[in-house]
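Please look through the model below before reading the numbered points of this note.

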Amino acid sequence: MLRTLKQYLQEEMDLEMPEGLVSGSWFAEHGLPMIVGCYDCTATMALPYAMIDEDGHCFCRSCAGVDT
């Protein structure tokens, strides 16, 4: 099951992602990278745009089959 970052943070870390523009310091404070690579095609993207599976692997929306 793939989830958005917001869903993943709520369900796995009990953490609310701020609305709107999120500063780099917020990611650093929570030990999260700002840029990740797709587990399937290796394309890079900003973490908020990734879809995340139950093992914590990040996927781009194209590989996840999600419309952008």
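1. A salt bridge is a side-chain nitrogen of Lys or Arg within 4 Å of a carboxyl oxygen of Asp or Glu. In general, side chains of opposite charge can pair when their charged atoms come close. The structure holds 3 salt bridges by this criterion.

2. The model is a predicted one, in which local features need pLDDT of at least 70 and side-chain atom pairs count only at pLDDT 80 or more, while totals for chains, interfaces and linings use all residues. Residues are numbered from 1 along each chain as its sequence is written, and side-chain values use heavy atoms, with hydrogens and water left out.

3. Lys 6 and Glu 19 are joined through their side chains by a salt bridge, with an N to O distance of 3.0 Å. This pair links distant parts of the chain, 13 residues apart: Lys 6 belongs to helix 1 (residues 5–13), and Glu 19 to the loop between helix 1 and helix 2 (24–29). Helices (H or I, at least four residues) and strands (E, at least two) are DSSP runs, numbered from the N terminus. Lys 6 is partly exposed at 36% relative accessible area, whereas Glu 19 is exposed at 62%. Here buried means under 20% relative accessible area, exposed over 50%, and partly exposed in between (1.4 Å probe, protein chains only).

4. The side chain of Arg 3 meets that of Glu 11 at 2.7 Å, N to O, and the closest N and O atoms of Arg 3 and Glu 12 are 2.9 Å apart. Arg 3 is buried, with a relative accessible area of 5%, while Glu 12 is partly exposed at 47%.

5. Asp 53 deserves a separate comment. This residue lies in the loop between strand 4 (51–52) and strand 5 (58–59). Asp 53 is buried yet has no salt bridge, and the nearest side chain of opposite charge, Arg 3, is 6.8 Å away. For such charges, Lys and Arg count as positive and Asp and Glu as negative; His and the chain ends are not counted. Setting aside neighbours within four places in sequence, Asp 53 is in contact (heavy atoms within 4.5 Å) with Met 1, Leu 2, Arg 3, Tyr 8 and Phe 59.
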